[in-house]
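Please keep the structure open beside you as you read.

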Amino acid sequence: MPSDTRTPPQHVAIIMDGNGRWATARGWPRLVGHRKGAERVKQIVTAAPDLGIKWLTIYAFSTENWKRSTEEVLGLMALFSRYIEREADRMAANSVRMRFIGDRTRLDDRLRGLMDGIEARTAQHSRLNLTVAINYGGRDEIVRAARALAAEAAAGRLDPARIDEAALGGALDTAALPDPDLVIRTSGETRTSNFLPWQAAYAEYEFTPTLWPDFTPEELAAILARFGTRERRFGGVVSA
Ligand code: IPE
Ligand code: IPE
Ligand code: MG
């Protein structure tokens, strides 16, 4: 059934792109752009609940981003740890529940410990559900889910004939999340770069030329207002 065209997006997902170009344009190292980007994350996370967003999912590091220089990769990993450490109290105080999606097995023990810790510490919160995708790739996620279901089937605990969309969706990292209604990508690139391919099958997309370090809550509000005018049909027909 088509939804009310005025329904605000419940779940917004963001591909935060353009940190490197933002820094390079100023003659600064790429990591300065990432640091600036992290400041933006703080600001958007703070603004999101007041804009009516209940679920916010942000793409911080893809399974493909390991191709970057060791310096950049290590710098990003250090930034993730620092963000969790520095923002933990604020998230708890603002009732933000933090989760992570992606394959954690390749991350170092200290970062994984911080991720597990903040997930446990904020598990009772519900004002905003903030999910950060780290070492996340949609194809990798589907492969891991297929492997888990196959293992269940091989052990005789799952009848392959019963594997349906709900079963596969429930085996993904996002099992606890609703599907995103709106996916935003900054920096002018009009691709999805392996972000939530299953979950965003019916999402609306918005691409803005703004580089992530320049993305403001005001621009987010304008995008949300535009979303409110879109007609979501989900394959159906909207009656006059
Ligand atoms: C997005 O900014 C952040 C990550 C992918 C970690 P980029 O680092 O991709 O910035 P550009 O695309 O090079 O400008
Ligand atoms: C997508 O950005 C990944 C993140 C924002 C974390 P990239 O900059 O890695 O994507 P491509 O390489 O332009 O597709
Ligand atoms: Mg990029």
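Ligand 2 takes up the space of the largest pocket. Please bear in mind that the model is predicted. The volume of this largest pocket comes to about 660 Å³. Its lining is made of 34 residues, and those closest to the pocket centre are Met-16, Tyr-59, Ala-60, Phe-61 and Asn-65.

By residue type, the lining of the largest pocket has 19 nonpolar, 9 polar and 6 charged members.

## The shell around ligand 2

Now let us turn to the ligand itself. Around ligand 2 you will find Ile-15, Met-16 and Asp-17, then Tyr-59, Ala-60 and Phe-61, then Asn-65 and Arg-68, and finally Arg-185, Arg-191 and Ser-193. Sorted by type, this shell around ligand 2 holds 5 nonpolar, 2 polar and 4 charged residues.

Which strand gives the most to the shell? That is strand S2 (residues 55–62), with 3 residues.

## Polar contacts and burial

For Asp-17, an N or O atom of the side chain lies 3.2 Å from an oxygen atom of ligand 2. In Arg-185, a side-chain N or O atom and an oxygen atom of ligand 2 are 3.3 Å apart.

How much of ligand 2 does the protein bury? Taken alone, ligand 2 exposes 390 Å², and the protein buries 78% of that area.

## A cavity as well

How many cavities of 30 Å³ or more does a search of the whole structure give? The search finds 1. The largest cavity contains about 30 Å³ of space.

The lining of the largest cavity consists of His-11, Thr-57, Thr-174, Leu-177, Pro-178, Pro-180, Leu-196 and Gln-199. By type, the lining of the largest cavity splits into 4 nonpolar and 4 polar residues, with no charged ones. The lining of the largest pocket, by contrast, includes 6 charged residues.

Conventions
Residues are numbered from 1 along each chain as its sequence is written. Chains are lettered from A and ligands numbered from 1 in the order in which they are written. This is a predicted model: local features need pLDDT of at least 70, side-chain atom pairs count only at pLDDT 80 or more; totals for chains, interfaces and linings use all residues. Side-chain values use heavy atoms; hydrogens and water are left out. A residue is near a molecule or strand if one of its heavy atoms lies within 4 Å of it. A polar contact is a pair of N or O atoms within 3.5 Å; within protein, one must be able to donate a hydrogen and the other to accept it, and residues adjacent in sequence count only if both atoms are side-chain atoms. Accessible areas come from the Shrake-Rupley method with a 1.4 Å probe; for residues, only the protein chains shown count as cover. On a 1 Å grid over the protein atoms alone, a cavity is a set of points where a 1.4 Å probe fits but cannot get out, and a pocket is an open set with protein on both sides within 12 Å along at least five of seven lines; lining residues have an atom within 4 Å of a point. A molecule sits in a cavity or pocket if more than half of its atoms lie within 2 Å of its grid points. Helices (H or I, at least four residues) and strands (E, at least two) are DSSP runs, numbered from the N terminus. Ala, Val, Leu, Ile, Met, Phe, Trp, Tyr, Cys and Pro count as nonpolar, Asp, Glu, Lys and Arg as charged, and the others, Gly among them, as polar. Grid points are joined across faces, edges and corners, and a volume is the space filled by probe spheres set on the points.
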